[in-house]
Amino acid sequence: EQDPQRIIRILHQVSGQPACQSYCDAMAETLTTQIYKADAKTWRDAARQASRSSEIYRAIMQELTGTRMGDIFRQKILDNADLIKTFPSDVAKELTDYIQSESMRGRRAGDIAKDLRQLFQGKAEGVINRIARTEGSKTQMALTPARAQNLGLSWYIWRTSKDQRVRKSHDHMDGVLVQWTDPPNPEALSRKGDVYGKYHAGDTFYCRCYAEPLVSMRQLNGPLKVHYGGKIQTMTIKQFEK
């Protein structure tokens with residue numbers, strides 16, 4: 001195709017086709033299911049340490065049927081599908097801006113069209129990867145508190161990915177015990193970077209942290225770092241239990 005504007009029109013047309021919509025629905029279900037399975041494994045691993053593996057396994061097997069967890073899971077599939085369905089239009093807008101910019105420079109339509117074919121693949125992959133990273137964390141953070149509430153668990157341990165990309169404010173939170181009803185303000189606590197308010201592990205943009213559920217005191221080794229009373233306090237296990 002040598003006409004850049006025709007490429008954009010085709011892109012918009014394809015995005016509205018039933019086949020494209022079905023593909024986006026299937027992609028969203030796969031993404032959300034993978035996140036759900038990974039999150040369930042984290043819980044089973046923690047439960048195994050506390051000899052509660054069978055109890056939590058049974059709860060996980062039952063929670064998608066007629067429960068709040070099931071409702072959250074299905075809603076997240078719909079939310080992620082809606083986001084994925086917007087990517088052809090989002091990419092088309094970026095490519096349109098590119099056409100206008102390159103046309104102003106006097107480039108030939110055929111040359112611009114060649115660029116668009118390469119740009120589309122890169123832009124599309126970028127959008128999908130961004131959705132997978134950002135919405136993946138949000139999906140996990142919608143599921144985990146609901147599961148904790150179902151099991152009567154109040155605390156989790158903030159865990160980072162432990163690499164050079166971890167933000168300083170989140171590195172400061174690594175290993176800190178956090179109560180589900182009292183999210184911390186990592187940037188304010190560490191005095192590192194702009195302040196984005198209170199949020200849980202994994203529940204902010206581009207965050208790769210996760211919440212390790214506190215199923216048993218056996219998971220803990222003192223001294224502990226505990227987010228309590230708006231600050232991070234050092235406690236013994238006995239103090240924390242109290």
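Reader: Hi! How many helices and strands does the protein have?
Author: Hello! The protein has nine helices and five strands. Helices here are DSSP runs of H or I with at least four residues, strands are runs of E with at least two, and both are numbered from the N terminus. Along the sequence they follow the pattern α-α-α-α-α-α-β-α-β-α-β-β-β-α.

Reader: Thanks. What kind of model is this?
Author: This is a predicted model, in which local features need pLDDT of at least 70 and side-chain atom pairs count only at pLDDT 80 or more, while totals for chains, interfaces and linings use all residues. Residues are numbered from 1 along each chain as its sequence is written, and side-chain values use heavy atoms, with hydrogens and water left out.

Reader: Got it. How much of the protein counts as buried?
Author: Of its 242 residues, 41% count as buried. Buried means under 20% relative accessible area, exposed means over 50%, and partly exposed is in between, using a 1.4 Å probe and protein chains only.

Reader: And what share of the contacts comes from residues 24 or more positions apart?
Author: Such residues account for 66% of the contacts with a separation of 6 or more. A contact means heavy atoms within 4.5 Å.

Reader: Let's look at the sheet. What is the strand order?
Author: The order is β3-β1-β2-β4-β5, in an open sheet of five strands with mixed pairing. Two strands pair if DSSP finds at least two bridges between them. The edge strands are β3 (210-213) and β5 (231-235), each of which pairs on one side only. The twist averages 40° from one strand to the next; for such angles, axes are lines fitted to C-alpha atoms (for helices over the stretch in contact), and values run from 0 to 180 degrees between N-to-C directions.

Reader: What about β2 and β4, parallel or antiparallel?
Author: Those two run parallel and are joined by two bridges. In that part of the sheet, Val176 stands opposite Lys225 in β4.

Reader: How many bridges join β4 to β5?
Author: Five, and the two strands run antiparallel. Their hairpin has two residues between the strands, and Gly229 there takes a positive phi near 65°.

Reader: I clicked on His227. Where is it?
Author: His227 is in strand β4 (residues 224-228), and its bridge partner in β5 is Ile232.

Reader: Buried or exposed?
Author: His227 counts as buried because its relative accessible area is 4%. Leaving out residues up to four places away in sequence, His227 touches several others, including Trp155, Leu177, Pro183 and Leu189.

Reader: Which backbone oxygen does its side chain reach?
Author: The side chain of His227 reaches the backbone oxygen of Asp182 at 3.4 Å. A polar contact is a pair of N or O atoms within 3.5 Å; within protein, one must be able to donate a hydrogen and the other to accept it, and residues adjacent in sequence count only if both atoms are side-chain atoms.

Reader: Switching to helices: how far does α5 reach?
Author: Helix α5 (residues 87-104) has 18 residues and reaches 26 Å from its first C-alpha to its last, close to the 26 Å expected at 1.5 Å a residue. The expected span is 1.5 Å times one less than the number of residues.

Reader: Which of its residues are buried?
Author: In α5, Phe87, Pro88, Val91, Ala92, Leu95, Ile99 and Glu102 are buried. They lie on the same side of α5 because they cover an arc of only 125° around the axis; the arc is that of the directions from the helix axis to the C-beta atoms. On the other side of α5, Lys93 and Met104 are exposed.

Reader: And Ile84, where is that?
Author: Ile84 is in helix α4, and it counts as buried because its relative accessible area is 2%. Ile84 and Met27 are 57 residues apart in sequence and 8.1 Å apart in space, C-alpha to C-alpha.

Reader: Last one: what is the phi of Lys162?
Author: Phi of Lys162 is near 55°, a positive value in a residue other than glycine. Lys162 lies in the loop between β1 and α7 (168-171), and it counts as exposed because its relative accessibility is 57%.
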